[in-house]
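Visitor: I have a model open on my screen and would like to learn how to read its features. Could you take me through a few of them?
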Amino acid sequence: MQSWSAPAVPVLPGRGPALRLYDTADRQVRPVSPGPTATMYVCGITPYDATHLGHAATYLVFDLIHRLWLDAGHQVNYVQNVTDVDDPLLERAERDGVQWEELAASQVELFGTDMTALRVLPPHDYVAATEAIQEVVELVEKMLAAGSAYIVDGDYPDIYFRADATEQFGYESGFDRATMLELFAERGGDPDRAGKADPLDALLWRAARPGEPRWSAPFGAGRPGWHVECAAIALSRIGSSLDIQGGGSDLVFPHHEFSAAHAESLTGERRFARHYVHAGMIGWDGHKMSKSRGNLVLVSKLRAQGTDPAAIRLGLLAGHYRSDRFWDDATLAAAEARLDRWRAATTLPAGPAADDVIGRVRRYLADDLDTVKALAALDGWATDAREYGGHDAAAPRLVATAVDALLGVAL
């Protein structure tokens, strides 16, 4: 699958510091220690509706990580999937009277347009679930052979993963069984499916039903479950022991817990990823922004109304990435005012020296992506530049370059 176009990323003098991030599994901030090539797998969209600000906030988190790794001198192998066959997509296509393939293609294209406007760096590999069917089939075959998966007898012989196939299952979320069962039912699981060995066992392969898309497999025609597609794509494009597996906090369980367990059951490794990184939720009108609730602020609609994508980006970066927070008109207005101040300051003929503020922005971002402090530091420099001036003719352009390289905001 073709990803969106990549913006140019300017190179700053020197190297940024090593990155530290909160790890969901360890419940603490600790160093991220990649080799020369840093590896990251981030779960992509299910393309049945347009990109809302909750999506944008999540992908900005991993865009910052991507940029900080580049600034620290790493190559980056970044992989993202698209869940282009799944129940929500099929249901929306049937509701709207369109082919599911057409709906998916149109929403993937819109997502790419939004990401381009927001200057999000594209993944190295952008992989649709429908492009990875063979990898999924091979994984399911291996799990069946290893005894970590089983077939449920009946009219539709679906294949399930045993939640107890790995001793460490549950380490990523840290949830107790009652919480797991509650979230499993809320987030696409089927705890009441008759014939399962355990209500928590997760679907690997859905046997073909009338009118549904299907692919052939040695164990019967059907389509992939949700979690296994990510395990298959990550293992085939990156391998085991990736540096970061990431997404929104609503993916911690069951999606990331199971995709990690699928991989671990085959590799025998204790952890699928060295770091599990999750972004907080964005709310609107008193609730988490979600397609099911319909309380969405769409990136495409904001852009159509004339909103500068740089202001959208700054508005989302104004809160810490792990915090659940709300978007409102005041958030956007504050971001637009900040953007205007920064642009005014970086077009002055001279300003205060840039080394200190760039150093602080690098340190704040490397410390668990503290964008709140980073933006405040730049606010301070911009205020000094506008109110008191300076004698460094190179400083305004250098600050603008740093804002572009590190925050992805073009001034």
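Visitor: Is Phe-161 buried or exposed?

Guide: Phe-161 counts as buried because its relative accessibility is 0%. Buried means under 20% relative accessible area, exposed over 50%, and partly exposed in between, with a 1.4 Å probe and protein chains only. Do keep in mind that this is a predicted model, where local features need pLDDT of at least 70, side-chain atom pairs count only at pLDDT 80 or more, and totals for chains, interfaces and linings use all residues. Residues are numbered from 1 along each chain as its sequence is written, and side-chain values use heavy atoms, leaving out hydrogens and water.

Visitor: How many aromatic pairs are there?

Guide: A pair of aromatic rings is described by the distance of the centres and the angle of the planes. Rings of Phe, Tyr and Trp (its six-membered ring) pair if their centres lie within 6.5 Å; planes under 30 degrees apart are stacked, over 60 edge-to-face, and the rest tilted. By this rule there are 13 aromatic pairs. One of them joins Trp-4 and Tyr-126, edge-to-face at 5.4 Å centre to centre with 80° between the planes. Trp-4 lies in the segment before strand 1 (20-23) and Tyr-126 in strand 5 (residues 125-128), so the pair ties together parts 122 residues apart in sequence. Strands (E, at least two residues) and helices (H or I, at least four) are DSSP runs, numbered from the N terminus. Both Trp-4 and Tyr-126 are buried.

Visitor: And which ring pairs with Phe-161 edge-to-face?

Guide: That is Phe-258, at 6.3 Å centre to centre and 85° between the planes. Phe-161 is in strand 7 (residues 159-161) and Phe-258 in helix 7, 97 residues apart. Phe-258 is buried too, with a relative accessible area of 0%.

Visitor: Where is Ser-259?

Guide: Ser-259 is in helix 7 (residues 252-267), and it counts as buried because its relative accessibility is 0%. Its side chain makes a polar contact (N or O atoms within 3.5 Å, one able to donate a hydrogen and the other to accept it; residues adjacent in sequence count only if both atoms are side-chain atoms) with the side chain of Gln-245, at 2.9 Å.

Visitor: Which ring does the charged end of Arg-270 sit over?

Guide: A charge sits over a ring if NZ of Lys or CZ of Arg is within 6 Å of the ring centre and within 35 degrees of the ring normal. For Arg-270 the ring is that of Tyr-171, 4.6 Å from its centre. Arg-322 lies over the face of Tyr-22, at 4.2 Å from the ring centre.
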